[in-house]
Amino acid sequence: GAFFGWLIGKYIGKLEISFTGRIMSFFVMIILMYFAIFIQIVIHELGHLIFAFMTGYKFSSFRIMSLMLIKESGKIKLRHFSVAGTGGQVLMAPPDMKEEKFPVVLYNLGGSILNTLTGLLFLFSHFKVLHMPRLSLFLMFLASSGIVLALLNGIPMRMGMMDNDGYNALTLTKNKESRRSFWLQLKINELLANGVRLKDMPDEWFEIPSDEEMKNSMMAVIGVFACNRLMDNHKFDEADKLMTHFMNIESSIVALHKGILVCDRIYCELVNENRKNVVDDMLDARQKKLMKAMRKFPNVIRTEYAYALLAEKDLKKAQEIRKKFDRYTRYYPYSVEIETELELIEIANRCKNLENIDLKEDHGA
């Protein structure tokens, strides 16, 4: 940001125009700066896509910001989905494993590789058009944003609510258990997109990792999926017990998944003993902030609905949240997850003795 600001200031300082003209030029440069960053985000995701195809993967989904192309039952459809802290994501259907191996490094680092290559190309082009100030500045925006994205994603780090590409690639090269877990994640995602619920997938895919294995970020995701599957099977006591255990041990569960697990724990408490002090302890300032960032996630909205209905006993508020659920999930990419959440909403209704009150609207999925 400081470097971009210095570039813009240097550019405007050379202009022999009025003060108003300088202000207008400043805003034009800000727009061009964000456009350059957006282009490099697209390039980054294309890098994942290209290198995945090169190493035997098949298309599953491609997301930029909140717009998502997803393959459902052999057809490509447009959906809306976003994850806080990410500008995009490419999820692919993995090739078969051979001798417990399949290609993982190029798929994970493809975005950073293409950012680096295009960044250097734009940098070279910048020096070729110095006689064209606005174009050369835009090319410098493209070059620097590409190189920065390559570094932020390529150097192994845990950033915000997710692990970056470099961290994932490093983890996957360490042991075969990590690779198998990564393969399972991609395979589970592929089946979800094709209408298969977690409860209908093979049992052996959801073996609960040991406490030691939960320290591995890839294995930790399988632990989270095991909790999600228990929720899909309506085994709330087992799910709550497992989630509580994971929260109390040292693990590599990322912040995004921790937030979802807490939402599920809150729901389990609400439909069982419904102890307000227990719910409020889980619904602390940190969790509220995280739920606000994930406010369009179906399981977050479902938890808000159950809380309004069973803890606050506010039927009107619950009805408004139910409408929000329909609005935000109309173009949600995974229809089977909506089936699960609608069942959990109905269970909350039964806990409130509302079987005969129709709070639903047409879902449109």
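Colleague: Which residue stands opposite E72 in β3?

Modeller: Two strands pair if DSSP finds at least two bridges between them. Strands here are DSSP runs (E, at least two residues), and helices are runs of H or I with at least four, numbered from the N terminus. In this case, K75 in β3 is the residue opposite E72. β2 and β3 (residues 75-80) pair antiparallel over six bridges. Two residues lie between them in a hairpin, and S73 in that turn has a positive phi of about 50 degrees. This is a predicted model, in which local features need pLDDT of at least 70, side-chain atom pairs count only at pLDDT 80 or more, and totals for chains, interfaces and linings use all residues. Residues are numbered from 1 along each chain as its sequence is written, and side-chain values use heavy atoms, leaving out hydrogens and water.

Colleague: Which strand do four bridges join to β2?

Modeller: That is β1 (residues 58-64), which runs antiparallel to β2. F62 stands opposite L69 in β2. This hairpin also has two residues between its strands, with M65 in the turn at a positive phi of about 55 degrees.

Colleague: Is F27 buried, partly exposed or exposed?

Modeller: Buried means under 20% relative accessible area, exposed over 50%, and partly exposed in between (1.4 Å probe, protein chains only). F27 has 49% relative accessibility, so it counts as partly exposed. Its place is in helix α2 (residues 19-54).

Colleague: How many of the 17 residues of α9 are buried?

Modeller: The count is 14, so α9 is largely enclosed by the rest of the structure.
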